[in-house]
Every structure is written in structure tokens, then in C-alpha cells.
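Trainee: I would like to go through a structure with you, one question at a time. Please show it first.

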Amino acid sequence: MNAKRGAIIGIVVVCVVGALAAVTFVSTSPASDIVYQEPASAVHASLGQTTSDGKIALRLNEVSDGSNPATNSTWISLNREAHDAPNMPVLLYCCSLNPSPGEANLVANITVTNVHNATAPFSFGDFVLVSNDGKAYYPNYVVCGSACTAQVGTKALNASFASNLYVLFSVPESMHPAKLVWTASDPNIIISLT
Amino acid sequence: MLKFIDVAKSRQHGISASKHFCAALVMRIQQSPKLKLLQREGMSCITMDNRHSSRTRRYVAVALIIVIIALLLIPTIDALSVAGFLGDKTYLLILQDNSEIRSTGGLMTVMGVLTTHNGNIASLEYYYWNLGQQTGIVAIDGPESFTKFFGVNAAAISDSNVQYDFASFAPKMHSDFYNVTGKSVDGIVAIDLTAIEAVMNVTGPITTSDGVITSYNVADRLHYYAGSAERSDKTSLTSLLSTLTHDLFQQIRDASVPQKLALLGTLRTLEAEKHVLLYPSEGFLFRNAGGEPETRSGDFISTVDITLGTAKADFDINRAIDYRVELLADGSAVANLTISYANRNFWDYDVFSTTLVPPGAELVAAHNVTHAFKGPQVTSGEGLTAFSSRLIVAADANGSVTYSYKIPNIVHDSGIGHRYDLTVVKQAGVVRYGLNVSVHLPPGAKAISTENVGSNMVLTEDAHISVVYR
């Protein structure tokens, strides 16, 4: 009987420990960590190089931390421009670039040009920032000049569109960006930061 | 000492009262078709080994049985009820944007009517309330601190959450929403952006037509659509929210057992921190989700902020509460309370701040360090005194207001001496406060015990402070 009791107590202990371990595992492994699966075929480019999918041309100028004074200054200036412009749909300031605890705010400065000679669909949500350990992070927000903001807000870029976009990514503090991917084109455009 | 027995055996050999009690409880479960699945999934009783039985052990066994059944059964029934397994349920789902703080958690520009049926969403319709539109104006019948300060008696329904807590606001919202939309709901669920981030941190990302939404970007993306969508009904915002709600619901339903356990733990934390609020309180599982009015006794501080048209500022506001109370020999106290705001935004922060303190409190002095200030105004309510001020804190600057006041009869006799209790109530939606509390005893008194007195504490839920002295 003692052995039986011991077995039952053992099973209960194992179940409790297992459940606690499961809870701990799930809670300490954020489900938002997504591994980027690079497609078999892609167009590759490097920092500062312009590349195009036939409709949109992209040039990644820089990825900088929000604590960088120049980045912060540009961010504030463009937010104010969007907020103060007459007849603009954007009525609010987004956010300061102060990160939440444990996070960092990275800003990708991208020159976007419509090379299609017609209105081109565009969503800043199609950018992906990939870390050097292969994890994918998705955009939070975008700011640009007032004329640009109106078009980006409607997800349609006029034929003559050309502007610098500042795309915000909130990432873990320890994240090191390795590449920026434009996923709206087929094949994807992968821009290396090195 | 303990062993599991099944009901049949307990009835065959059933001698002890505890076993009969256990059998009766489980038979009631068996007779309820809605609860049979619980019994099939291993509901059993624990009792004491017969060879060691005694009256005391039987009582212990009965108590254990009751506790285990309650722990398993009651939350399960609550969850099943909310999910629509025990009859369809319709909820008013309020998204409180806690980056624009309001009394009950945040600005309520988006609301949805959600009906659950057998664990699925049977229907979901979101509403966007444009602050400029003239529809959805509702009467405001208090609190006096707000109506007197601003001289108003009506507001847009999206901005009508001016009561001091969700429990006071929800019944009014229940009837206001019916009057405005003609839709009747069984209850109200209010969640803020902090809650959505925390839940998505467990459930994982959601892919929408506008890209991937994760716990890292969900708040800013919702703000982007709220600000950039051209149409007054904000179709892109409400359609994104519909996708998020449906997919989150499905992810939660299909989650693995460890994920469900993690989610339950997350929800309990969010409930304690007032990022998830439910009216009416649903039984045991959601008993603390804001559906019941808070009981205030002893000394208390409850700061209730409403931001005034300063955009999505509150995630970059660091709040702190500094409280110094001097207890006097006659049982009264002299208090100095400073509410501070560190504004890390690049624009000014405009806030209407009301601080609730015990009834009978007498304001002696107030001073402020702000860009602009209006107040203080003193009003009284049921069981409280309210100090209200409007502060404008300049961009990248600190601002504060300090109230000095007397509190009568705040110390009570306990068996071994005198006892002072303080509750610091966390406002729903606010992520955290810094908290510093110092308690000074009457001359000659000696502390016997103290709880949570000190500096640099972080307040994420209600806090209780106590000092016993003689």
C-alpha cells in the first residue's frame, strides 16, 4: 500500500511540476518571436542601393535607433508636419521614440519611388525587419512628409510619388537588425544592412 | 494518506459521511446534462484512507473535496458560460485606449457587439465613435468633481466614462448603449491595449491583409489606422479589429493546454491590474474583474486621471505617488500627497487629475509645479473627499501637484496597539506608478509591524500598507 501511495504522490508531483514547467515555458517564450523563412528566390540588394520590382523602387538609407538625436529630431518634425497640415486625415501624433522596458525602437529610412507610371498599391505593413538570428519583426508606424502621408494613408502611391519614409519597428532590446525585406513583390526584395 | 475513489465504490462501501457527501455532489453533476462532460473528464473525489479514518480526517476530507470541486467546477462553468456553451451570450466589447487615459481605463472610440455561441463568435459588429459627430451624446450625472469643474452634463458616449471606477460606470453604459444603438447586451467586457499586447504575447501573431500584427506592433498599428483612415466610420480600423478579434478568439480556443494555462495566468494578472474589466462580475473566475464597487476603508488614495485632447500620450508619462503621513496621538493624521508626471512626449500633456481621499479630509494647502494649473477644487462624494486639478505638463518636463490635508479618526485600536491602514488604488488602464510611502508615528510610539512602507516601490495593482504601533 505504501508503494501505491508513493506512486500516486509521485504522479501528482510530476503532473504539477509538468504543468508549472509548461506554463513557465510558454510564458518565457514570447509567441511573437517569428522565425523568418527566406524564400527560395529573392532579389538581393545592399544598404544604399536602389532596387525595384517594376512598380516600386526602394533604397534603404539607414536603420537607426530611436535614441539617435538626428533620428529623433526627424521623427518629431515629420509627426508635427502630419499633425499640423490642413485637410490631413492624420490627426494625432504617434508616439515618442522612447521604448517600453526591454524594447528598442528602430527606424528604417527608406526612399520609395513609384516607377510604374500609374497609381501603385503600397502598404508599409509589407516591410519586415529581420534580425541576425533570423527573427522577423513587423512595422509599427510610418511617418513622412505631408504629401507623402496622405498617399501612404490611402495605400495608393501616385505615379510621380517619391519620398523618404521613416518606418518604426519595436523590437527586443538585444535585437541586431541584419536585413530589411519587402514582401509585397514577387520575388521578395531583401536588402542587407551590411 | 490520501487516495482517489470513484463514486460507484463510495456508494457500494459507502459508510462515511464524507463519502456520502462526495457522492451526492457528484450525482448532482451527473444529473446536469450541461455538466456531464466535466464528470466524464475525470471529476472525482478525494477522501481519507478508511484504515486511518477519524472524525477530524473526515472533516478535512470533506473540506478538500469541496475545495477541489470548486477549483475545478466553478471556473469551468464560468468559462463555458462566457463562451456561450450554456446559452448564447451577447457582450458589449469596449476597446479602451489606455494611451489616452480616462477614469475607467481609456478613450472608448471603438466598441463592438459580440455574441458567443458554443465557443464560437456567432456575430461581431464594431462601432467607431467619431468624437466630432453629434450622434451618441449621453447625459452625465456625475461625479460632481467632473461636472462642476467643467460645467457639463453631457458627453459623447465614447468619452462618457468619467465615473471614478468601472463598477460605477458600467451599469450606466449598459443602458446608454441600449438607448443609443437599440442593442441590448448581457454584459460589458472592457479591455485595453496593454491587455491585447499581453494576450498576443501568449497566442502569437495574426496575419491580416495589412501585414502581420504582433504584440510588439498592435498598439501603434491600431493608432495608425485610427489616425490615418479617411472615412468617418474608420472602416479600415474596424475591419482590422474584426479580424483581430475573430483570429484571437480562434487562437485562444485552439490553444494547447500549456498555452491555455499561460493565458489563464495572463488574464488573472490583467484582471488584478485592471486592464481587463467585466460587468457584471461573472462568478468565481472573474470575481475581481471590476464588476463590483470597491470598498474603501481606512486611509486611501485613489488617483483618477482624464487626459484632455493630448493624443496618444500616456504610454510616455511616468507617474509617481509620494505620500507622507504623520499620525497624531488623537488618531487623526496630517498628510502630504504629491502626484508627479514625467512627460517624455514631445508635446505638452494636459490632464484633469482627481484624487480621492477619506471622507472628512480637510485640504490645508496645495501647490503645483506645472506649465499651467487650474484648481484645486474640493468636492465630497459618498464615502470620499475629492481634490481635483487640471495640470499642463510641458513637453520633456516634469510636473506635479501636492495636496496637504488633515484626516480625522484614521487610526484604529487593534488588540495589541494602534493600527493604521492605507490602500493605494491603481487606476484602470494606467500601466504603473512609482510609489513612495512614509508613515510617521506619534511622539513616543514604537512600531510593532509594518507592511509595504518604503520608497521606490512599483505599483501595478492596488497596494495595501499598514503599520501597527503602540
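Trainee: In chain B, what share of the contacts with a separation of 6 or more joins residues 24 or more positions apart?
Mentor: This is a predicted model, where local features need pLDDT of at least 70, side-chain atom pairs count only at pLDDT 80 or more, and totals for chains, interfaces and linings use all residues. Residues are numbered from 1 along each chain as its sequence is written, while chains are lettered from A and ligands numbered from 1 in the order in which they are written. Two residues are in contact if their C-beta atoms, placed from the backbone, lie within 7 Å. For residues 24 or more positions apart in chain B, the share is 65%.

Trainee: Over which residues of chain B is the pLDDT below 50?
Mentor: pLDDT is the predictor's confidence in each residue, from 0 to 100. Chain B averages 84, and 80% of its residues score at least 70. One stretch has 61 contacts in the model beyond near neighbours in sequence, yet its pLDDT is below 50: residues 1–50.

Trainee: Is B:Val401 buried or exposed?
Mentor: A residue is buried if 20 or more other C-beta atoms lie within 10 Å of its own, exposed if 12 or fewer, and partly exposed in between, with C-beta atoms placed from the backbone. B:Val401 is found in strand S19 (residues 397–407) of chain B; helices (H or I, at least four residues) and strands (E, at least two) are DSSP runs, numbered from the N terminus. Leaving out residues up to four places away in sequence, B:Val401 touches several residues, among them B:Ile339, B:Ala366 and B:Leu391. Because B:Val401 has 25 C-beta neighbours inside 10 Å, it counts as buried.

Trainee: On which residue is the kink in H6(B) centred?
Mentor: Helix H6 (residues 166–181) of chain B has 16 residues and reaches 21 Å from its first C-alpha to its last, close to the 22 Å expected at 1.5 Å a residue. That expected span is 1.5 Å times one less than the number of residues. The bend at a residue is the angle between axes fitted to the seven residues ending there and the seven starting there. In H6(B) the kink is about 25 degrees, and it is centred on B:Lys172.

Trainee: Which strands do the buried residues of H6(B) pack against?
Mentor: The buried residues of H6(B) are B:Phe166, B:Phe169, B:Ala170, B:Met173 and B:Phe177. They pack against three strands of chain B: S3 (89–97), S8 (187–192) and S11 (276–279).

Trainee: How is B:Ala311 classed, buried or exposed?
Mentor: Most residues other than glycine have a negative phi, and most peptide bonds are trans. B:Ala311 has a positive phi near 60 degrees, and lies in the loop between S12 and strand S13 (317–327) of chain B. Since 20 other C-beta atoms lie within 10 Å, B:Ala311 is buried.

Trainee: What is omega for the peptide bond from B:Tyr279 to B:Pro280?
Mentor: B:Pro280 lies in the loop between S11 and strand S12 (299–307) of chain B. The bond from B:Tyr279 to B:Pro280 is cis, with omega near -10 degrees.
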